[in-house]
Amino acid sequence: MQISKAAMKLLLSKQKIFPQFVNILCAFKLQTKEVFGGAAVYNKAYFTNEKDNLGNLEFETAYTLKHIENNGRQHLPWSIRQMGVYQKYNTSIKSSDCLLIQTSTRVKLRITESRKDGSIKNLSSHWTHLHELHLKTLSYNWDSYFSYVNDRLSDINEEYLFSKVEAREKQVSFTSLQALDTLRTQLGIMCYALELNLGVLNQLSQEVERRKELEGYKSAERYEQFQTNLRTCNMEQTSLRQQATHIMQEADRLLAHLRDTIALQDSNAMMALTHKTIQEAQSMRTITVIALVYLPASFTASLMSMGYIHVDSLSGIMKLGAMPEMWVYLAITLPLMVFTFLIWGIWEWWSRKRVRGLTWREQRGLRDEKKDIES
């Protein structure tokens, strides 16, 4: 059910809910994306034990807990969700006013079932029943989540074990590294969420001891049973945190192996590229040598075919002669050659000057930064 801001203010004033409950509401601000840290993952718990106008003892309880839900997405189908619980319980008339915020699917199902079988009336017989309902469902879905994570880690580990650096079709992909890093980040969030839940459970356990003294012996059995359920939930959350920590350590180990493997693959690819470059350089060297061998012959053939130089053979004597117009060829060729070398020299001079100018400006900038730091 959605509620407007004005309606929420009216509800808080009518029910005379303690001011600390506003801090609980702030944890449920609108999120446009999944939050990995900050206020949205900070668990809060508040308790008051006061008497109303008629002298009846009232217990007010408010806290947030983290639970895991299937979000239906193909990529990372599990997400951390938080639920808020508020209760004002009058010990004399045994009335319970509750406000549940974004409660888990499992709690909703249990409440629906209790409505059908009529056992929902038992929730108001003592203030601990409502919280007991939440504690019994807090560890739900964690086994399914760990099974999903183990399957994903197993797939990535299999890809790593059967990868070959020299075979391109059997290499570790960067996509696997990204997926593993995302899983590792989420596992860290899960561990943090479980740690926060344990903090709330410890606060609730301490509050139970105080309220047990206030109510006296008449509810001792109920408190003892609730404390047993609290300890059971605490052990479950502790075990889940240890399991999440162990899986996270395995993910860290696999993440390090994947990074090393990808680095080795990149190094192998660079070596292959270097080898190919060397082969191309050797081919170019061979072509250059062949060109140098044929260049004099080609130049001579071109020069002789121009008609400026001719060979005469008279009486068995070979004579080499040049026509007077050959100066035209030299007058055009030599200036063009000089002009070409001149343009190349100017370009080289300008390029080197530009590089020296950039280097000088960088050094000057470093000196200025050093002066600023010293000052």
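**Exercise 1.** How many bridges join strand β1 to strand β2, and do the strands run parallel or antiparallel?

*Solution.* The model is predicted, so local features need pLDDT of at least 70 and side-chain atom pairs count only at pLDDT 80 or more, while totals for chains, interfaces and linings use all residues. Residues are numbered from 1 along each chain as its sequence is written, and side-chain values use heavy atoms, with hydrogens and water left out.

Step 1. Locate the strands: β1 covers residues 45-51 and β2 covers residues 57-70. Strands (E, at least two residues) and helices (H or I, at least four) are DSSP runs, numbered from the N terminus.

Step 2. Seven bridges join the two strands, which run antiparallel; strands pair if DSSP finds at least two bridges between them.

Step 3. Within this pairing, T48 stands opposite E60 of β2. The hairpin has five residues between its strands, and G55 takes a positive phi near 85°.

**Exercise 2.** Describe how α5 is placed against α6 and α7.

*Solution.* Step 1. Two packed helices are described by the angle between their axes and the distance between the axes. Axes are lines fitted to C-alpha atoms, for helices over the stretch in contact, with angles from 0 to 180 degrees between N-to-C directions.

Step 1. The axes of α5 and α6 come within 11 Å and cross at roughly 150°. That makes α5 roughly antiparallel to α6 (an angle over 145 degrees). Residues of α5 in this contact (heavy atoms within 4.5 Å) include W142 and Y145, and those of α6 include L180 and L187.

Step 2. The axes of α5 and α7 come within 11 Å and cross at roughly 20°. The two helices are therefore roughly parallel (under 35 degrees). Here F146 and L153 are among the α5 residues, and A251 and L258 among those of α7.

Conventions. Parallel < 35°, antiparallel > 145°, perpendicular 65-115°, else oblique.
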